[in-house]
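Welcome, and have a look at the model below. The notes that follow take up aromatic rings and then the ligand.

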Amino acid sequence: MTLKRTALVATLALCTAIAAAPARAQPAAAASAANDPGYVPSAGQAGKDVIWLPTSQSLVDRMLEMAELKPDDHLVDLGSGDGRLVITAAKRGATARGIEYNPDLVALSIRTAAAEGVAARTHFEKADLFESDFSNATVVTMFLLPELNLRLRPILLAMKPGTRIVSNSFDMDEWSPDATEEVTSDCSTYCQAYRWTVPAQVAGNWRLGDGAELALQQRFQMLEGTLRRGGQLLPVSEARMHGTQIRFTAGGESYTGQWSERQLQGTVNGGARAWRAVPAPG
Ligand SMILES: C[S@@+](CC[C@H](N)C(=O)[O-])C[C@H]1O[C@@H](n2cnc3c(N)ncnc32)[C@H](O)[C@@H]1O
């Protein structure tokens, strides 16, 4: 963990710890604010597992660009705060959902979405993100804490291959990001975001059309393995998944292809010939 990242984690975690106690002591005040149209949240206020701090609008915009958000996407923001990621996604034509534990922030988000003219494409709910099903999302955004990202990691990895995940400031440990970007304008802290694409699970033995056997081991999006052709056992290198897309090199040849419904198919050496593989029997 870098010094800068350690400091970011420590700040957010410390604020979360400090903020948690008074928030639990004042439930009546919190409940009444939900109907107050003048409610203004304060940066650093308590949250269930992490405080509320808004992502700067410049990073919100960048995160949605990193996600390559399109109108047919369905985004979910886990811990949606004042709704800014959800509302910005809806303004870009997508449908978007915010899951937020604090009812005041949920009510504020609903009012803002209506004022911004995107009520029909947004949905906000008061819920614990760890008890919510968001498996239908095609884009997941979050600004939580490293340990919360790690709790979410198996759930995210089980999502549909190709789902994009973008996190403000915190990564997912050994699941290395596909992209890291930072904004420098209109942002003073928490200005970096990471993006992952949920990889299809391709570990196992595959039989190619020409009788070759491809054995793959997988760790997140990274692949290793061998290609057995005739009497030769060729190491597989430069191998990885990007969502449903596979690429690797074996025997000096470059394979690219697509995973779908338990088969891999694509081309070798940029289209010189086609290849296809199905799971090897047994
Ligand atoms: C750091 S803020 C990020 C807000 C927003 N996503 C953004 O980027 O501007 C984290 C949010 O998560 C919410 N939160 C914390 N624990 C939660 C939980 N278990 N379920 C749902 N929301 C939670 C907090 O109330 C807070 O609004």
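Searching the whole structure turns up nine aromatic pairs, meaning rings of Phe, Tyr and Trp (its six-membered ring) with centres within 6.5 Å. This is a predicted model, where local features need pLDDT of at least 70, side-chain atom pairs count only at pLDDT 80 or more, and totals for chains, interfaces and linings use all residues. Residues are numbered from 1 along each chain as its sequence is written, and side-chain values use heavy atoms, leaving out hydrogens and water.

- Phe143 and Tyr190 have ring centres 5.3 Å apart and planes at 55°, so the pair is tilted (under 30 degrees counts as stacked, over 60 as edge-to-face, the rest as tilted).

**Ligand contacts**
- Asp49, Thr55, Asp77, Gly79 and Glu100 come nearest among the 22 residues around the ligand (a heavy atom within 4 Å).
- The side chain of Thr55 has an N or O atom 2.5 Å from a ligand oxygen atom, and the side chain of Asp49 has one 2.8 Å from a ligand nitrogen atom.
- Leu129 brings a backbone N or O atom to 2.9 Å from a nitrogen atom of the ligand.

**Ligand surroundings**
- The shell around the ligand comprises 11 nonpolar, five polar and six charged residues, with Gly counted as polar and Asp, Glu, Lys and Arg as charged.

Methods. Polar contact = N/O pair within 3.5 Å; in protein donor to acceptor, adjacent residues only side chain to side chain.
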